[in-house]
Amino acid sequence: MQGTVATYDASTRSGVLLLDDGTELAFPARAFDASGLRLLRLGQRVRVERDASGEVIRVTLPTMA
């Protein structure tokens with residue numbers, strides 16, 4: 001699934017994504033840390049990985065494997 005960065009706080013490494021259907025989806029610092037990224041920009045497209053319970057476990061760039 002993909003979305004757009006709506007908010008990102010570099011000090012907490014967490015934020016909110018806006019999914020393609022308009023739903024807001026918060027992501028925790030551990031999901032950002034799992035990505036290997038150093039920062040995110042507002043409006044940036046990202047790929048979202050969730051676990052079976054629906055919790056965001058990884059936020060990466062769409063081009064990353």
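Predicted model: local features only at pLDDT ≥ 70, side-chain atom pairs only at ≥ 80, totals over all residues.
User: Which residues have the most contacts inside the largest nonpolar core?

Analyst: The largest nonpolar core has 14 residues, and those with the most contacts inside it are Leu 17, Phe 27, Leu 40, Val 46, Val 56 and Val 59. At least two residues of this core come from each of β1 (2-9), β2 (14-19), β3 (24-27), α1 (29-33), β4 (45-50) and β5 (56-60). As general background, nonpolar side chains in soluble globular proteins tend to be buried together.

User: Take Leu 40, then; what is it in contact with, leaving aside neighbours within four places in sequence?

Analyst: With those neighbours left out, Leu 40 is in contact with Val 5, Tyr 8, Phe 27, Phe 32, Val 46 and Val 59.

User: Some of those are aromatic. How many aromatic pairs does the count come to?

Analyst: The count comes to two aromatic pairs. One of them is formed by Tyr 8 and Phe 27, which are stacked, with 6.4 Å from centre to centre and 10° between the planes. That pair links distant parts of the chain, since Tyr 8 sits in strand β1 and Phe 27 in strand β3, 19 residues apart.

User: And which residue forms the tilted pair with Tyr 8?

Analyst: Phe 32 forms the tilted pair with Tyr 8, at 5.2 Å centre to centre and with 45° between the planes. Here too distant parts of the chain are linked, with Tyr 8 in strand β1 and Phe 32 in helix α1, 24 residues apart. Taken together, the ring pairs join Tyr 8, Phe 27 and Phe 32 into a cluster.

User: Are Tyr 8 and Phe 32 buried or exposed?

Analyst: Tyr 8 counts as buried at 17% relative accessibility, the cut-off for buried being under 20%, and Phe 32 is buried with a relative accessible area of 4%. Phe 27, the stacked partner of Tyr 8, is buried as well.

User: Switching to charges, how many salt bridges does the count come to?

Analyst: The count comes to five salt bridges. Among them is the one in which the side chains of Arg 30 and Glu 55 meet, at 2.2 Å from N to O. Because Arg 30 lies in helix α1 and Glu 55 in the loop between β4 and β5, this pair ties together parts that are 25 residues apart in sequence.

User: How exposed are Arg 30 and Glu 55?

Analyst: Arg 30 is exposed, with a relative accessible area of 54%, whereas Glu 55 counts as partly exposed at 32% relative accessibility.

User: Which residues are linked in a network of salt bridges?

Analyst: The network links Arg 47, Glu 49 and Arg 58. The side chains of Glu 49 and Arg 47 meet in a salt bridge at 3.8 Å from N to O, while Glu 49 also forms one with Arg 58, where the closest N and O atoms are 3.4 Å apart. Glu 49 itself is partly exposed, with a relative accessible area of 27%.

User: Last one: where does Ser 35 lie, and which backbone nitrogen lies 3.0 Å from a polar atom of its side chain?

Analyst: Ser 35 lies in the loop between α1 and β4, and it counts as buried at 4% relative accessibility. The backbone nitrogen is that of Leu 37, which lies 3.0 Å from a polar atom of the Ser 35 side chain.

Conventions
Residues numbered from 1 in each chain as written. Heavy atoms only, no water. Core = buried A, V, L, I, M, F, W, Y, C linked by side-chain atoms within 4.5 Å. Buried < 20%, exposed > 50% of the residue type's maximum accessible area, 1.4 Å probe, protein only. Helix = DSSP H or I, 4+ residues; strand = E, 2+ residues; numbered from the N terminus. Contact = heavy atoms within 4.5 Å. Salt bridge = Lys/Arg side-chain N within 4 Å of Asp/Glu carboxyl O. Polar contact = N/O pair within 3.5 Å; in protein donor to acceptor, adjacent residues only side chain to side chain. Phe/Tyr/Trp six-rings, centres within 6.5 Å; stacked < 30°, edge-to-face > 60°.
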